[in-house]
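Biologist: I'm new to this one. Could you put it on screen and walk me through a few spots?

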Amino acid sequence: MRFLHLVWRNLARKKARTVFTLLSVLVAFLLFAYLGAIRQAFTMGIELAGQDRLVLRHKVSLIQMLPISYLERIAAVPGVKDVSHFTWFGGIYQDPKNFFAQMPCDPERMLRMYPEFLLPDEQKKAWLSERTGAIAGRYLVDRYGWKIGDRIPIQGTIWRPKTGGDTWEFNLVGVYDGKEKGTDTTNFFFRYDYFDEMRRFGQGLVGWYLVRISDPDRAAEIAAALDATFANSEYETKTEPEKAFIQSFANQVGNVGAIISAVVAGVFFMILLVAGNTMAQSVRERVCELAVLKTLGYSNGLVLALVLVESLLLAGVGGGLGLALGWQLARLGDPTGGLLPIFFVPLPWLGAGVVLAVVLGVLAGVVPASQAMRLRIVDALRRA
C-alpha cells in the first residue's frame, strides 16, 4: 500500500492520456455488458429450460399437427411422468407489430408442467371455471396496460371462430409471474377445449406435446421410445430436449452467441492495443526515473509490480465502471420497445467481465513491465 502513491503520481503525469485511456476501457466494457444483455434476450429461456422436459412434435415440421389422442399413448410410455400439449395460434393484437405468443392448452396440465410460472390460486380457479378465460405473463400485462377482467380481442390469422369474422375475445382472468429472473413472461395462454370447439377446422389436433420424464439421464432413451411408439403411423414424431427445441428458434436469427463473441473479441483486441501502447509509452517516458528507483534499492520485482499495478488499476477502474454502467442501463429495460422482452445482464456475464478486465490489465502491462524490470541503470542514465 505504501507504494500506491507512486502509481497514482505516474497516472497523473499525463492526465489527458490517462482519462482517454480510461474512457476507452470503460466504453469497451459498457459494450461488453450490453452485448451480454442482448445475448441473454436472444437465448431467452434456453438456460432455464427444464432438463426433465422433452418436446414431441411432428417429424416433418412444427407446422404439421398431431392428434390429441396421442396424449394417453405418450403418458403410457415408461419413464414419462406427465404430458401436456400446446398449439400455435398466431393471432394479432391491435397491430401486426404487437407480436407475442398465444397458445391454447390444458390449464391444469400446463401449470403442472411449468412450476416456474407463478399463478395465484384464485386466478387458477377462475381460469378453470371460465371457458373463454385466458392468462398472460407479467411482461405482456405491463406492456399493454391490461388488468384482470379485461376483454382481449385477438385477430386470428390461421384459426378463425365458427361465429364468423376473424376475431376471438378472451377474458383475462390471471397474470402469471416468473419464479426466477429470466423466466419467459411474454406468453398468452387460453383454454384448448374452448379453442377446439370454436375453430372452423382442425378439431382434435394439437401443435406439439411437452413431456416430463422421471430421469433426465434417460432422456435419449425415452425420446427414442416415444418416437418408436408412433413410427410408421400417419403422424410420425420427433422428440428432443426442450433446450434443443428452444435453441432451434434462437438459431433462426443466426448464431447470436458466435456473433457477440466475435464482436467482443474484436473490441477487446483493439482496447488491448490502446492500453498496451499507453503503458509502453508511459514506461519509455520514465526510463530515468526507473533507473533512479533501482539506484535507491528498488528491486526488479518491485519495479515490475509497480508497472503492472498501474496497468491493472487502469483496466480495473475502467472495466468496473463500464460493467456497472452497462448493468444500470440494462435495468432500464428493452431499448427496442418490445423486441427484446427479457433484457438484463446475467451475473455470470458480469463475472466474466471482471475476469476479462484483470486479463486486459495483465496483458497490457506485462510487456512494458518486463522491459522496466530488465532495464539496466547504466543504460537508462545514458539515455537521459
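Biologist: Which residues does Gln-123 touch, not counting those up to four places away in sequence?
Modeller: This is a predicted model, where local features need pLDDT of at least 70, side-chain atom pairs count only at pLDDT 80 or more, and totals for chains, interfaces and linings use all residues. Residues are numbered from 1 along each chain as its sequence is written, and side-chain values use heavy atoms, with hydrogens and water left out. Contact means heavy atoms within 4.5 Å. With that cut-off, Gln-123 touches Ile-148, Val-173, Gly-174 and Val-175.

Biologist: Is Gln-123 buried or exposed?
Modeller: Gln-123 sits in helix α5, residues 121-129; helices here are DSSP runs (H or I, at least four residues) and strands likewise (E, at least two), numbered from the N terminus. Buried means under 20% relative accessible area, exposed over 50%, and partly exposed in between (1.4 Å probe, protein chains only). Gln-123 has a relative accessible area of 16%, so it counts as buried.

Biologist: And what relative accessible area does Lys-124 have?
Modeller: Lys-124 lies in helix α5 too. Leaving aside neighbours within four places in sequence, Lys-124 is in contact with Leu-111 and Leu-119. Lys-124 is partly exposed, its relative accessible area being 30%.

Biologist: Over to the strands: which residue in β11 is the bridge partner of Phe-86?
Modeller: Strand β3 covers residues 80-86, and six of its seven residues are buried. Two strands pair if DSSP finds at least two bridges between them; β3 and β11 (residues 208-213) pair in the antiparallel sense over six bridges. In β11, the partner of Phe-86 is Trp-208.
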